[in-house]
Amino acid sequence: MTNLVVTKFGGSTLGPDGISIPVIIQRVNKLKNDSKVIAVFSAPLTIINGKKQSLTDVILEQGRNAEIGVTPSLDIIRSCYSKILEMVDAKNTDNCKKVLGASLEKAQKALNEALEKREFANEVRARALAFSGEILMSQMMNFILQSNQIKSDFVSFDDWPIITDHNIESTNFLADESKSRLDSTAKKVHENDVVTIGGFIGKTIDGTTTTYERGGTDRTAADLGILFHKEYSTSIDFEKDSAVVSADPKIVEDSLSEVNQLSYNEARLAGMFGMKILDPIAIKEIVENGVDVPITITNIKDPSKTTTIKRIPDRKEGHPIKIVTGKERCAIFRTETNGVQKLLSSLENDKRYSEFVILSPFTKDGIEFSRILFLDGDYVKRNEKYFLSFDPLATITYNRGVITLIGDEMWRVQQVASMTSAKIGEAGLNILNMDAQEETSRIIIIIDDTDNNIKKAIRAVHQERSQISFV
């Protein structure tokens, strides 16, 4: 069976104004030596006032301007792509300019609609983002690859294979419908060494443009792995600035260790709780569709450094506490247990939302209460009416932060819960709640999300990790 690697290049990998594209070309050339390649691209970055900024954020700002009556502008977007256009050779320049002009025209039209309606939401927002960001970047990368003598093609939005539901701004992948629309993309994969496609963007059956949540390019790569895994020997590769280490290097500087392998479960938990490994929903979709494909996190600066993610890792040696991480801006929803199942069913079936953890229940005045820890407090705040419709007397507590330890084999660590909680206490932090479950090998510690508390707690627990023994 022919090999296929679905590889994702994010905005930071592209670099400001595409400065790192030559490195991407080297990686694509390497990958295509023994595999077909589908390259999934995020929107690029640019420099504004000396700081890196994603073109996604630029468009969102222009959309907010439109809502208050300020005429939106694509000047920053045009400037970025003009620099990227310089990497296209003379043979491909005219065609690339036509694609660039047509895409930005669609993006400008969407922004003009937002200005007219004073509303930047739903499909208008999705079209503005799609045609100024991911879709356009993937098309330009196709011409850049061709300019470097790579046999490639791009997936046009007319033939889009990622079919989703009608939740336009936080859409959900529909695997069966996507498989029925796959022929054009499959033909391009068969006929070329490399096929480029934009991440983050979906399309409903009736042609409406949709978007995933931020970070959704990871999901696009996973979705393509799902769609092609029967036809090819498929793997997924996320090209990043580093492979996985035992804590966020922006928070912890000392005693970091490389993580060579993760299970699907470990990677999903780490993503849910703050590690920017990959979008945890990407793994959820792989598991839900009964697919088992290996995922590699590759340090694009040094491709010899990788982390492999599998359903069941090959090896179980090494420190069983693989990662210490944390999440800010969480919320806790408390409700009577006898009514919580309706909410959970609605979240699963109606919202298709899963970024929460069910904590241990408690009893007060003879009544059992359930607690749900939501890892995105802003999501809860935006949907308060929805949540309280299930129980008007329920309580929602915001400004909570959570620290967790990741490791399926964490049961091998002696007294891990007590040592972890003690270390957080030594750091001067008050533990509001601690939830340890042997069955899930999970320890969750909830503290007040103020000042620098979460980062302090992560540093304290990670320092203890390097000193504890295990059987």
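Buried means under 20% relative accessible area, exposed means over 50%, and partly exposed lies in between, for a 1.4 Å probe and protein chains only. This is a predicted model: local features need pLDDT of at least 70, side-chain atom pairs count only at pLDDT 80 or more, and totals for chains, interfaces and linings use all residues. Residues are numbered from 1 along each chain as its sequence is written, and side-chain values use heavy atoms, with hydrogens and water left out.

**View 1. Helix α6 is largely enclosed.** Helices (H or I, at least four residues) and strands (E, at least two) are DSSP runs, numbered from the N terminus. Helix α6 covers residues 122–132, and nine of its 11 residues are buried, so the rest of the structure largely encloses it. The buried residues are Val 124, Arg 125, Ala 126, Arg 127, Ala 128, Leu 129, Ala 130, Phe 131 and Ser 132. What do the buried residues of α6 pack against? Their partners are α3 (55–67), α4, α5, α7, β7 (201–203) and β8 (209–211). Contact here means heavy atoms within 4.5 Å.

View 2. Axes are lines fitted to C-alpha atoms, for helices over the stretch in contact, and angles run from 0 to 180 degrees between N-to-C directions. Angles under 35 degrees count as roughly parallel, over 145 as roughly antiparallel, 65 to 115 as roughly perpendicular, and the rest as oblique. The axes of α4 (residues 75–85) and α5 (residues 90–117) come within 12 Å and cross at roughly 165°. The two helices are therefore roughly antiparallel. On α4, the contact uses Ile 77, Arg 78, Tyr 81 and Leu 85; on α5, it uses Cys 96, Lys 97, Leu 100 and Leu 104. The axes of α5 and α7 (residues 134–147) come within 10 Å, crossing at roughly 175°. This pair, too, is therefore roughly antiparallel. Residues of α5 including Asn 92, Val 99 and Ser 103 meet residues of α7, among them Leu 136, Met 140 and Phe 143.

**View 3. Aromatic rings pair up.** Rings of Phe, Tyr and Trp (its six-membered ring) pair if their centres lie within 6.5 Å; planes under 30 degrees apart count as stacked, over 60 as edge-to-face, and the rest as tilted. This rule gives 14 aromatic pairs. Phe 228 and Tyr 232 have ring centres 6.1 Å apart and planes at 50°, so the pair is tilted. Both Phe 228 and Tyr 232 are buried. Phe 333 and Phe 387 also form a tilted pair, 5.8 Å centre to centre with 45° between the planes. Phe 333 sits in strand β13 (residues 323–336) and Phe 387 in helix α15 (residues 384–388), 54 residues apart. Phe 333 is buried at 1%, and Phe 387 is buried at 0%. Ring pairs link both into a cluster with Tyr 353, Phe 356, Phe 374, Tyr 379, Tyr 386 and Phe 390.

**View 4. Lysines lie over ring faces.** A charge sits over a ring if NZ of Lys or CZ of Arg is within 6 Å of the ring centre and within 35 degrees of the ring normal. Lys 188 lies over the face of Phe 154, 5.8 Å from the ring centre. Lys 351 lies over the face of Tyr 386, at 4.7 Å.

**View 5. Two loop residues have positive phi.** Most residues other than glycine have a negative phi. Gln 149 has a positive phi of about 60°. Its place is the loop between α7 and β5 (152–154). Asp 365 has a positive phi of about 55°. Asp 365 is in the loop between β14 (356–364) and β15 (367–374). Buried or exposed, what is Asp 365? Asp 365 is exposed, at 72% relative accessible area.
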